[in-house]
Amino acid sequence: MHQRGKNDGKACGILNGLFKMGESNEDIEQMFSNLLGEMDLLTQSLGVDILPPPDPKPPRVEFNYSVGFKDLNESLNALEDQDLDALMADLVADISEAEQRTIQAQKETPQKQPQSASLCVPSFSGTASLGYGANVAATSQYDDDLPPPPADPVLDLPLPPPPPGPISQEEEEAQAKADKIKLALEKLKEAKVKKLVVKIHMNDNSSKSLMVDERQLARDVLDNLFEKTHCDCNVDWCLYEIYPELQIERFFEDHENVVEILSDWTRDTENKLLFLEKKEKYAVFKNPQNFYLDNKGKKENKETNEKMNAKNKESLLEESFCGTSVIVPELEGALYLKEDGKKSWKRRYFLLRASGIYYVPKGKTKTSRDLACFIQFENVNIYYGIQCKMKYKAPTDYCFVLKHPQIQKESQYIKYLCCDDARALSQWVTGIRIAKYGKTLYDNYQRATAKAGLASRWTNLGTVNAVPPAPPSTGVKTDPTQANGQLPQATQSMNTALGEDWRHLETTKDKKPDPGLGSHDPGAPRAQPLPKSSLPPPPPPVRRSSDVGGGSPGTPPKAKGAAARFPAPPDDLLPPPPPPPPPVEDDELPPPPPDFNDTPPDFVPPPPPSFAGDLGFPLPPPPPPPPALAPESVRTPPMTVKRPPPPPKRQENPGPPGGGGGEQDFMSDLMKALQKKRGNMS
Amino acid sequence: MAGMKTATGDYIDSSWELRVFIGEEDPEAESLTLRVTGESHIGGVLLKIVEEIKRKQDWSDHAIWWEQKRQWLLQTHWTLDKYGILADARLFFGPQHRPVILRLPNRRALRLRASFSQPLFQAMVAICRLLSIRHPEELSLLRAPEKEKKKKKEKEPEEEVYDLTKVVLVGGVAPASFRGMPAHFSDSAQTEACYHMLSRPQPPPDPLLLQRLPRPSSLLDKTQLHSRWLDSSRCLMQQGIKAGDTLWLRFKYYSFFDLDPKTDPVRLTQLYEQARWDLLLEEIDCTEEEMMVFAALQYHINKLSQSGEVDEPAGTDSGLDDLDAALSNLEVKLEGSAPTDMLDSLTTIPELKDHLRIFRPRKLTLKGYRQHWVVFKETTLSYYKSQEEAPGDPIQQLNLKGCEVVPDVNVSGQKFCIKLLVPSPEGMSEIYLRCQDEQQYARWMAGCRLASKGRTMADSSYSSEVQAILAFLSLQRTGGGGGGSGNHPQGPDASAEGLNPYGLVAPRFQRKFKAKQLTPRILEAHQNVAQLSLSEAQLRFIQAWQSLPDFGISYVVVRFKGSRKDEILGIANNRLIRIDLSVGDVVKTWRFSNMRQWNVNWDIRQVAIEFDEHINVAFSCVSASCRIVHEYIGGYIFLSTRERARGEELDEDLFLQLTGGHEAF
């Protein structure tokens, strides 16, 4: 799963509230149009080279919009800094990806090279810093292809923005954010990866804005929200969509693609997305007997059901979900069906089968051969109907609704069914979900439990230590103030890269703690005291890393101290901020192991030999930061001057590692194949 | 040894004469007489027999069968006394392995040598090893029904019987694979053919034959099959099986462990065949919609196995050219995302533009089809008043992603319509496209189908889709449509590669629908499975079969203690079900997981089961012997223990302990 999340602890950011849209000056616009022009050029040339019918512009008009906001601008503003950065990183990734394509395609045509090369330069550093597993190959490849420093000639493009030269820091930051937003707006239009800025309503009537890209599943978004809200991460949390107009609602299954679902909403929709806990979500896995062994409500059975022990539950689940095919609970009974377009309800005898819902036609028996198909699940989602009694004169309020996800208005194609009681409703809804999603549901649950288990351990620890989950966020916030130049960018790219790698780890192994999560809870408490005393106040980056190295191998608490340290220093030192975050992530992880037995296996290597281990491990972060840091910290003053140029660069930096990485591979596959094919033909 | 005599010829030891018949149980078998004493060991007797026969031959497989006691004398170190053999014992000296004809789940006949002396469980292990079917514990043998034999004689006297009697397996070693099949099959063309028969799905049966085959008409009928299971703890000989008899090989326990397409081609295929015949012969009921899916899968599987794509298209990638591979790779990674990703900039997406007649049913409109200029690009269908207006705004634009595509075709009537049910925020909008001819129809139809799945016509499957639709149309022209074969199912080869829907559905659907009604529905369902490889399709079939509510239930007529009427006991892999005989309703379900113990009173043929909470159930078995019920229960318990003990090793003792009757000990 490509995803960017885990942005906590990121060093780069922008002073809050400094953003003023009006400030965008001509230079910036100039720069963007240049950049865009170049993009066009590249795509154009690409088109010419590869395809007979050149298709200079992406044919489709991306319809990116935000959900829950009036306009895109507003929604972008609502984004937290990290998210905005991430968005930028993604967008830039798309650009550089296009470049790389061109580069590869046009190795033979040298004139183009400089341009693309220059654009890509930054991306090298990005990839280099990544240096992780699979990425390594790609990086080296690029290195061969492209001379890193050609920047100068072409740099004029990106350079323009800096000219503003001596601007006050604040202005600069404001401008930077303006840049970002503007660029984001631009890029959103042509971004290859569709992204939505989504407003998610919380339990407490507050809301959070989140950027969701089209590759993210509900699970990823939940993880993201866990980080942001510091909730208990239990398995009941879900994304919940509400259709006020239709009075229906449902929770997303963890494997559902969020952007895809939201894309079905109309632009002016009143639909809302909530983040809340629903016991029903995984009820079947907590008490499978209620769904699988319910013998039509016979009392004797109910009693035994209550008593079912964990072992029996487990074997029941295994039997139901782990066989060659999933067993759909046997479910049948009379339900009320709302007649199309009317407010009348007809009672019918329905049966649930793996292939759909059937009913017994009049005068027939309920044997398989007589059943008539009512609906199959391929093209419908299941929703709870809310207050159907009032709205449609339903016999009871226990309604469920089946509709095609794209239908947003009242329609005869929406099917309303009404159960006698809550128990039946929950059985039907769950049964239908099992029939529709099969084993995926169980996989989702297992992922969710793994996540929850981990999280609960973290939080336990956190509470013991009485640690406010502040460190990371403060770190982020403070950092931004100073960090504006490329440095933040670099770190960010690392962060995102890390995030991705984490994700890989998470999927391959069980569940790992999110870097972000990890950082808050456990790390903070103990860390505070230690770092302050032990840390040299203005630790030059390099030094710090060595410090870390010394600290982490030691006892767990010490390691933690190291982790916590990072957030702290930023407060004191303006320049270094950027670098710390990445190391924080690295180091944070190690500490947990000692405390939690489960986590270590995956991460055993890193903790003890923090630095050496990192190197041995294909951990990219260490190498890159030092170089970046060194210059920065040393020349804090020049930074202002220097900063301008970086912005453009920085965008490229994050690019490849962040969004481009995944696609690169098959893009290059594709290119190779195309070339091959062309070669064959000619 | 025995036989010391005085000069007068009197025996001075306590020796006596033992008569042994040579050969299989046959009153007229030649016999010879040996002089033995009670202390003679069986091994010695065997040796003597062989000496007496004076024929050079491999006797190693021979052993003595004691007819009266129905017992093999296999303990060579035991003495005659220990066995209790006296002079009146009728002993037969014959081979332990004898040929039998197995009717496989795919209804083909196969002759092989089975052990007549080992408990059936062990014999099955050997048979399955020969057939390279893993997990032999799931299979068993049934006696062939008598009446079936008569029928067979009248209709198909010359049925091909595959022969594996000459194949010898080296003991102990796992059969090595050679040329894509277990090495022991690769010896000759004949055995190779046999392996193909085992590992490849059979073509659909002749619909006429299908109609004639007996089908259960009630639950009661379904119990009959289960009265014929052989006893796993006794050998074939003890169960009255003779050399050359026909036995049915079937999966007995519906709990298929670790089904793996890669390692189990034969097992998967035979399981598929059993499932297929279960459905075709209405041993298990399904709904119409389900039957269409089953039919589509069969159709697909047939197509694949006939086109020779048998060898797992795991190498699909190598089959495609690089570009396709890269594209499909890309597609996979982008799955679900807008079809307009970077594909677009790299490949042109073919689009369709043409004059089509369009009909949009609306309330209060009587308008019929109207000619429009229709442009189909990517997944979007736009139509204009005329071609000239095309650059402008279309009258309507529909994104077909997620829509429902229904063919509405009548070849003989030259009607080629596509009905689209396109979801939109307001509901589903219905629209009909009417094409002029087959070619046009095929192209548009294929485009619509791909678009409904979010793919464009640039998709690699587009052209094959077009071809499939054309083939289907021509089928309708020659077959279902033109032949007027309404209720007369055609023979199996009415259309060579085509689709005779009657061979794919249970006879009751043959009666219910005409072929030309069935065909489109099957092809529609085929859309969803067309991408599957052979083994995937078989697996899907099996899964769908397993998902049927009545799957895996073996029925027996029983009488519960205290009840006056017969009832049905359904035995499934996790539960026992008490079913009302007349209505077919489930009265009560008991799960094995709650079972404490079960006992069999062999004298009164009663099975007593105790469940948790002191629930006791007892019943006597009517349609089948209580041995069969007992073995079913024990067998399922045994199978449920497999999960933990991974691997293929079998705890035979445990199995026999769980399933064996008192006579086993």
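Mentor: We shall discuss a strand, its partners and some backbone angles. This is a predicted model, in which local features need pLDDT of at least 70, side-chain atom pairs count only at pLDDT 80 or more, and totals for chains, interfaces and linings use all residues. Residues are numbered from 1 along each chain as its sequence is written, chains are lettered from A and ligands numbered from 1 in the order in which they are written, and side-chain values use heavy atoms, with hydrogens and water left out.

Trainee: Which strands does S1(A) join, and by how many bridges?

Mentor: Strands (E, at least two residues) and helices (H or I, at least four) are DSSP runs, numbered from the N terminus. Two strands pair if DSSP finds at least two bridges between them. S1(A) and strand S2 (residues 207–213) of chain A run antiparallel, joined by 7 bridges; there, A:His201 has A:Ser207 as its bridge partner. With strand S5 (residues 272–277) of chain A, S1(A) runs parallel through 2 bridges, and A:Ile200 stands opposite A:Leu273.

Trainee: Why is S1(A) described as largely enclosed?

Mentor: Buried means under 20% relative accessible area, exposed over 50%, and partly exposed in between (1.4 Å probe, protein chains only). Because 5 of the 7 residues of S1(A) (residues 195–201) are buried, the strand is largely enclosed by the rest of the structure.

Trainee: What is the phi of B:Lys54, and where does this residue lie?

Mentor: Most residues other than glycine have a negative phi. B:Lys54 has a positive phi near 60° and lies in the loop between helix H1 (42–53) and strand S3 (62–66) of chain B. B:Lys54 is exposed, at 72% relative accessible area.
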